[in-house]
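Thank you all for making the time.

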Amino acid sequence: MRELSLHINDIVQNSIDADATIIKIFVKEDIEKDNLVIKVEDNGKGIPKEKLDVITDPFETSRTTRRVGLGLSLLEAATQRCEGSLIIKSIRNVKTEVVATFRYNHIDRAPLGNMIDTILSIILSLKENSDLIYEHHYNNKMFTFDTREIKSIIGNQVSINQIEIMNWIKEYIEEGFSNLMEV
Amino acid sequence: MKKSIQELEAIRNKTIDHINLRSGKGGYRVVVGMATCGIAAGARPVMMRLMEEVQKNSLVDVTIAQTGCIGACRLEPIIEVYSPDGSKVTYIKMDEEKAIKVVADHLINGKIVNEYTATTIDGKVVDPEMQ
Ligand SMILES: Nc1ncnc2c1ncn2[C@@H]1O[C@H](COP(=O)(O)OP(=O)(O)OP(=O)(O)O)[C@@H](O)[C@H]1O
Ligand SMILES: [Mg+2]
């Protein structure tokens, strides 16, 4: 995949499939330390121990629609191309954590890409009563977004994926990112 | 931040008014295949384009959501359009241009865009070129 943001979409899809109700995305860009960290954490059903050891093998999948599962193996390959690594930890039904690290300035590191579309498409993808928490550190600045806060404002007569609400969220995130990146 | 909570509250109230107006009717539901195969093939820009077009045309009762792997990876990006009556149309090999047309023809005018639809046999999506 061309953008790391697309990998994030993909890894979060695993969390959604695992019936997570809280999904947390953490991105840290530390340019001085030449370090990029992407972490996806969820509270879904988790991964059994025996599976964890082989999970980045493309032939490891719980899919019934096809015999290969590509998501994690593709991400692992993306990290290894730039002296990074992929670490997956899981406590069943409590917490599953996928942590990808990259050398920030490595020539083979894919760009982060369009994180705004990542967040928006994930919100549209969330099951009912599930939430997304997003935290992005850029050097010493930070942007956070939490669907629980939006929901507490809009109440329960309107759902978060209503187009009008999504549009406000889009503008909100755009503004957040431009504040984050400005020097 | 310029975007304010007050603004969000105002949008919420306006949306509630809309919901009350359109009560009962129900609209189209569009789902986009978002497994690895779909994402790699370009499902996300298709989803974003659908959202933009729905917004642009003020189609307030259309919902957009995702589904996992539909089981026909070679035909991704795949979207499914569910009518209020429950019937389903599957569109394959989507891109942003096609998404614009599906919104204009199908969601606005109720006309299925036949050239983009999949052939289904026993409920399974098959490649039209394979037959
Ligand atoms: N967050 C998670 N919680 C629980 N199980 C997970 C999680 N992430 C991955 N898995 C398990 O690991 C398997 C492999 O994941 P991977 O993303 O590599 O492939 P896949 O999801 O099966 O297929 P694809 O990503 O190609 O659509 C999954 O089938 C699932 O069983
Ligand atoms: Mg996956």
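Which element supplies the largest share of the lining of the second largest pocket? Before I answer, please keep in mind that this is a predicted model, in which local features need pLDDT of at least 70 and side-chain atom pairs count only at pLDDT 80 or more, while totals for chains, interfaces and linings use all residues. Residues are numbered from 1 along each chain as its sequence is written, chains are lettered from A and ligands numbered from 1 in the order in which they are written, and side-chain values use heavy atoms, with hydrogens and water left out.

The answer is β2(B), which gives four residues to that lining. The elements that each supply at least two lining residues are α4 (115–125) of chain A and β2 (63–67) of chain B, where helices (H or I, at least four residues) and strands (E, at least two) are DSSP runs numbered from the N terminus. About 530 Å³ of space lies in this pocket, and of its 21 lining residues the closest to the centre are Leu126(A), Lys127(A), Glu128(A), Ser159(A) and Asn161(A). By class, the lining has seven nonpolar, 10 polar and four charged residues, with Ala, Val, Leu, Ile, Met, Phe, Trp, Tyr, Cys and Pro taken as nonpolar, Asp, Glu, Lys and Arg as charged, and the others, Gly among them, as polar.

For the terms themselves, on a 1 Å grid over the protein atoms alone, a pocket is an open set of points with protein on both sides within 12 Å along at least five of seven lines, a cavity is a set where a 1.4 Å probe fits but cannot get out, and lining residues have an atom within 4 Å of a point. Grid points are joined across faces, edges and corners, and a volume is the space filled by probe spheres set on the points.

The count comes to one cavity of 30 Å³ or more, and the largest cavity has a volume of about 70 Å³. Its lining draws at least two residues from each of α1 (4–17), β2 (35–42) and β4 (95–103) of chain A, with the largest share, four residues, coming from α1(A). Nine of the lining residues are nonpolar, one is polar and one is charged.

Now to the cysteines. There are zero disulfides over all chains, a disulfide being a pair of cysteine sulfur atoms within 2.5 Å. Cys37(B) counts as buried at 10% relative accessibility, whereas Cys73(B), at 29%, counts as partly exposed; buried means under 20% relative accessible area, exposed over 50%, and partly exposed in between (1.4 Å probe, protein chains only).

Finally, the rings. The structure holds six aromatic pairs over all chains, where rings of Phe, Tyr and Trp (its six-membered ring) pair if their centres lie within 6.5 Å, and planes under 30 degrees apart count as stacked, over 60 as edge-to-face and the rest as tilted. Tyr134(A) and Phe177(A) have ring centres 6.0 Å apart and planes at 50 degrees, so this pair is tilted. It links strand β5 (residues 131–138) with helix α6 (residues 163–181) of chain A, the two residues being 43 apart. Tyr134(A) is buried at 0% relative accessible area, and Phe177(A) is buried at 9%.
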